[in-house]
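Please read it alongside the sequence and the coordinates.

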Amino acid sequence: MPRSTPTDPISEPPAAEGADSTRERIVAAAADEFARHGIAGARVDRIARQARTSKERVYAYFRGKEALYAHVSLRELARVAEATPMDPADLPGYAGRLFDHFTITRPDHHRLITWGRLELADTADPAGADPVRSTVARKIEQLREAQRAGQLDPAWDPVDVLALVNQIATTWAAQIEIGAVLAEEAADPSLAARRAALVTAVERLFPRLTR
């Protein structure tokens with residue numbers, strides 16, 4: 001079996017009939033496997049079985065688990081960005097969209113991304129030449145532009161703004177131990193109440209621009 005390393009590139013798929021369909025099944029199965037078991041716990045044989053293909057075929061497309069995870073995580077992060085556009089003049093609304101995505105629509109996305117943060121923390125490209133860093137940099141620049149336009153308090157460092165809003169928005173996706181006692185302890189245990197609370201928290205920090 002090929003050995004994998006964190007720097008393994010993604011292989012080009014072999015040209016064959018139905019290759020795109022097979023590759024997509026592998027990627028979809030891998031997303032589920034990584035979300036459930038992380039990178040170390042994921043098994044290529046389970047991915048292959050769920051994708052209705054062979055382990056050899058998986059390795060024909062991707063050189064190892066880390067390469068496959070890198071492809072899957074970048075694809076999922078791109079989907080998150082598409083589903084949760086940021087309007088610097090309405091950061092509470094952005095927080096609400098993040099909550100909806102990670103807590104209601106696709107909680108598996110948060111697990112998938114968190115596994116990578118835990119297991120690949122020491123393998124990030126120090127040069128920052130990856131699309132995730134580019135996306136973060138673009139959002140920070142959006143916030144700077146909003147400050148220059150008078151839409152956001154210039155006393156805040158845009159980096160702090162983005163970090164705080166993202167952290168508040170993903171509170172319930174990340175703190176499952178608190179979520180487990182909602183029914184017994186919360187005055188209103190509904191997801192609507194949780195969403196309203198975090199949107200209000202962001203609103204108090206970064207009020208919506210009154211147009």
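Arg-106 and Asp-108 are joined by a salt bridge, with 2.7 Å between the closest N and O atoms. The model is predicted, and it holds 11 salt bridges. Side chains of opposite charge can pair when their charged atoms come close.

**Salt bridges and accessibility**

- Arg-106 has a relative accessibility of 27% and therefore counts as partly exposed, because that class lies between under 20% (buried) and over 50% (exposed).
- Another salt bridge links the side chains of Arg-148 and Glu-141, at 2.8 Å from N to O.
- Arg-148 is exposed, because its relative accessibility is 59%.
- Glu-141, its partner in that salt bridge, has 29% relative accessibility and so counts as partly exposed.

- Glu-76 counts as buried because its relative accessibility is 1%.

- Thr-22 is part of helix 1, which spans residues 19–41.
- Is Thr-22 buried or exposed? Its relative accessibility is 12%, so Thr-22 counts as buried, the limit for that class being under 20%.
- Which residues does Thr-22 contact, leaving aside neighbours within four places in sequence? Thr-22 is in contact with Thr-53, Arg-57 and Tyr-61.

Terms used
Residues numbered from 1 in each chain as written. Predicted model: local features only at pLDDT ≥ 70, side-chain atom pairs only at ≥ 80, totals over all residues. Heavy atoms only, no water. Helix = DSSP H or I, 4+ residues; strand = E, 2+ residues; numbered from the N terminus. Buried < 20%, exposed > 50% of the residue type's maximum accessible area, 1.4 Å probe, protein only. Contact = heavy atoms within 4.5 Å. Salt bridge = Lys/Arg side-chain N within 4 Å of Asp/Glu carboxyl O.
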